[in-house]
Amino acid sequence: MSSPDPTQIRIPDHLKPSDGRFGCGPSRLHPGAIAALQAASDAGILGTSHRQTPVKGLVGSVRAGLRALFDLPEGWEVVLGDGGSTAFWDVATFGLIDQRSHHLVFGEFSSKFAEASTAAPHLGAAGVTESAPGDHPRLPTAAELDDADLLALTHNETSTGVSMAVARPTGSDGVLVCVDATSGAGGLLWQPEAADVYYFAPQKCFAGDGGLWIALCSPSAIERIGRISASKRWVPASLDLSIALANSRLDQTYNTPALATLALLDHQIRWMLDQGGLIGCAARSRACADVLYGWAESRPWATPFVADPAKRSAVVGTVDLSGVDAGTVSGVLRANGIVDTDAYRKLGRNQLRVGMFPVTPVDDITRLTASVDYVVERLAG
């Protein structure tokens with residue numbers, strides 16, 4: 001018997017999700033996003049100066065919405081800049097690390113910040129605690145941080161689907177806890193007292209486009225920013241946190257921002273607040289994750305990649321396949337309008353990776369799994 005031709009597999013419409021986008025960034029847009037952009041254009045925002053009242057009002061709305069969404073305590077500031085989370089690693093290397101940092105590394109993105117700070121000629125050698133993909137390191141003790149003045153951890157490792165709780169080592173006074181929340185912010189719970197800087201970009205849980213970084217900064221972080229600035233350390237202006245902070249307080253960014261990105265972000269924040277804020281949005285993602293992992297555990301040819309259920313992400317799900325080629329499955333799904341389920345390219349595993357950000361309805365995850373079942377059955381002949 002000849003093998004079935006994957007290009008001829010057609011998934012029945014009644015099995016398909018309502019929206020076939022399951023990528024981990026850029027993620028699917030909220031259904032009202034395009035209307036929000038039109039409204040921003042009609043309001044005279046798109047295509048106008050970012051130094052004038054309409055756009056400054058939009059930035060102010062974004063900052064106020066994020067303060068409400070994350071229930072930030074008095075004294076915290078919402079700081080914005082251009083470039084996304086990748087740029088923020090350089091921003092933090094210049095403007096948050098005083099002498100030396102310590103990094104918890106457990107995937108592609110957590111390793112990149114460690115590489116940036118290690119390469120910085122003005123800093124001491126970074127400390128690194130590393131674990132294999134699919135796991136995360138334990139939180140170090142204050143003594144294990146040695147003389148580090150910043151601890152870098154990742155709330156959600158987008159490349160592997162591992163989530164790590166945001167926590168502060170006991171007795172680590174004077175050490176800033178700096179959290180990469182690029183794919184976790186808005187979909188995973190955390191408490192501000194456990195961190196000093198919580199930074200992210202809007203193309204994942206916030207269902208928009210990239211190009212911005214947003215950093216939620218505690219009073220301790222604000223003090224560190226000011227102290228480093230006063231030291232006259234050389235910093236490129238576009239990466240200078242003190243400049244970004246001063247501009248954010250004026251409800252603007254130092255460089256010209258993408259106004260459409262700001263409009264999409266503001267729209268999504270309002271929607272998230274309407275869903276019950278962070279608690280409601282985290283519950284939406286958790287419901288999707290329960291469906292995905294439960295399905296994987298019930299199939300003989302599928303297994304959740306992250307062995308420890310407590311470390312499985314609720315916003316990025318990774319599922320290993322056995323006896324069936326995941327690339328072929330993703331290719332058939334894409335041909336049927338279900339896209340971006342491929343594994344992270346550098347991880348090199350035979351797996352599917354699924355974005356389950358708050359805008360994703362749980363029924364779409366159910367339909368995705370039904371579609372995968374259908375494809376695997378046809379591929380098996």
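On a 1 Å grid over the protein atoms alone, a cavity is a set of points where a 1.4 Å probe fits but cannot get out, and a pocket is an open set with protein on both sides within 12 Å along at least five of seven lines; lining residues have an atom within 4 Å of a point. Points are joined across faces, edges and corners, and a volume is the space filled by probe spheres set on them. The model is predicted, so local features need pLDDT of at least 70 and side-chain atom pairs count only at pLDDT 80 or more, while totals for chains, interfaces and linings use all residues. Residues are numbered from 1 along each chain as its sequence is written, and side-chain values use heavy atoms, with hydrogens and water left out.

**Cavities and pockets**

Four cavities of 30 Å³ or more are present in the structure. Closest to the centre of the largest cavity, among its 13 lining residues, are G81, W213, S238, A244 and N255. Strand β1 (77-82) supplies the largest share of this lining, three residues. Helices (H or I, at least four residues) and strands (E, at least two) are DSSP runs, numbered from the N terminus.

Ala, Val, Leu, Ile, Met, Phe, Trp, Tyr, Cys and Pro count as nonpolar, Asp, Glu, Lys and Arg as charged, and the others, Gly among them, as polar.

| Space | Volume | Lining residues by class |
|---|---|---|
| Largest cavity | About 80 Å³ | seven nonpolar, four polar, two charged |
| Largest pocket | About 380 Å³ | six nonpolar, twelve polar, six charged |
| Second largest pocket | About 160 Å³ | eight nonpolar, three polar, one charged |

The largest pocket has 24 lining residues, and G25, F109, T182, Q203 and K204 lie nearest its centre. Two or more of its lining residues come from each of α3 (84-95), α4 (108-119) and β5 (156-157), with α3 giving the most, four residues. The lining of the second largest pocket includes F70, W190, P192, G276 and L278; α8 (277-297) contributes the most to it, three residues.

**Nonpolar cores**

A nonpolar core is a set of buried Ala, Val, Leu, Ile, Met, Phe, Trp, Tyr and Cys residues joined through side-chain atoms within 4.5 Å. Buried means under 20% relative accessible area, exposed over 50%, and partly exposed in between (1.4 Å probe, protein chains only). The largest core has 89 residues, of which F70, W190, Y198, F200, F206 and L216 touch the most other members. Apart from it lies another core, of 30 residues, among them F88, L150, A152 and A215.

F206 is located in the loop between β8 (197-200) and β9 (212-217), and it counts as buried because its relative accessibility is 0%. Beyond four places in sequence, the contacts of F206 (heavy atoms within 4.5 Å) include L66, L69, F70, F200, L265, Q268, I269 and M272.

**Helix α7**

Helix α7 (residues 259-274) has 16 residues and spans 23 Å from its first C-alpha to its last, close to the 22 Å expected at 1.5 Å a residue; the expected span is 1.5 Å times one less than the number of residues. Its buried residues include L262, L265, Q268, I269, W271 and M272, and the buried residues of α7 pack against α1 (33-42), α2, β1, β9 and α8. After α7 comes G276, with a positive phi near 105 degrees.
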